[in-house]
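Please open the structure in your viewer and keep the selection tool at hand.

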Amino acid sequence: MKKLINGLAKVQLVLAAIFFIVFIVCVVLQVASRYIPGITVFWASTIATYSFIWMVFFGAAITLREKEHFKLTILLDKLKGMPLLVLQIVIQLILIWFGYVMVTDGYEISQQFWGWTVNSMPQLKQGYMWLILPITGVTFMIYALESLIDEIVKYRKDKGGYQA
């Protein structure tokens, strides 16, 4: 199971990097088109926006898995043993719930905007932009569940000396 989750994280990291490159290329094209007469890249800002959004959400999922996301550690640093485990479980359950909301609401929003097109690119549906929500919502839940299991295993292994 750990191999599968590691593979998923690697795929997300690669996709985030690809979307970052696409974002940079589109921004450079857009800026260059302002200074080079005769070149028009009306689609660059749209693709840059979509790429940026997808990159950020993939990056957020990876930071969640690596436990590098924003967190207040004042309470985590003071707790040990069972109280720390309970807090860790509550945190992971909140993250799982958040991922669930991303999946359900993201799917609904994607369907709602599926018929809408982008003004500068009528062949591109707005629903694609919103698909990132259910995709990363699923991975948020997977990574939070993985972390939840890891915390329980760590607690059992360390017996009474469990610390953050």
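Select Ile62: leaving aside residues up to four places away in sequence, Ile62 touches Ala9, Gln12, Leu13 and Tyr143, where contact means heavy atoms within 4.5 Å. This is a predicted model, in which local features need pLDDT of at least 70 and side-chain atom pairs count only at pLDDT 80 or more, while totals for chains, interfaces and linings use all residues. Residues are numbered from 1 along each chain as its sequence is written, and side-chain values use heavy atoms, with hydrogens and water left out.

Next, select Ile5, Ala9, Ala61, Ile62, Leu64, Leu95, Ile96, Met102, Leu133, Phe140, Tyr143 and Ala144; these twelve residues form the largest nonpolar core. Such a core is a set of buried Ala, Val, Leu, Ile, Met, Phe, Trp, Tyr and Cys residues joined through side-chain atoms within 4.5 Å, and buried means under 20% relative accessible area (1.4 Å probe, protein chains only). Helix H1 (2-35), H2, helix H4 (81-113) and H6 each give two or more residues to this core. Its largest share, four residues, comes from H6. Helices here are DSSP runs (H or I, at least four residues), numbered from the N terminus.

Now display helix H2 (residues 44-65) with helix H6 (residues 132-158): they pack at an angle of about 5 degrees, their axes 9 Å apart. Axes are lines fitted to C-alpha atoms over the stretch in contact, and angles run from 0 to 180 degrees between N-to-C directions. H2 is therefore roughly parallel to H6, a term for angles under 35 degrees.

Notes. Angles under 35 degrees count as roughly parallel, over 145 as roughly antiparallel, 65 to 115 as roughly perpendicular and the rest as oblique. Buried means under 20% relative accessible area, exposed over 50%, partly exposed in between (1.4 Å probe, protein chains only).
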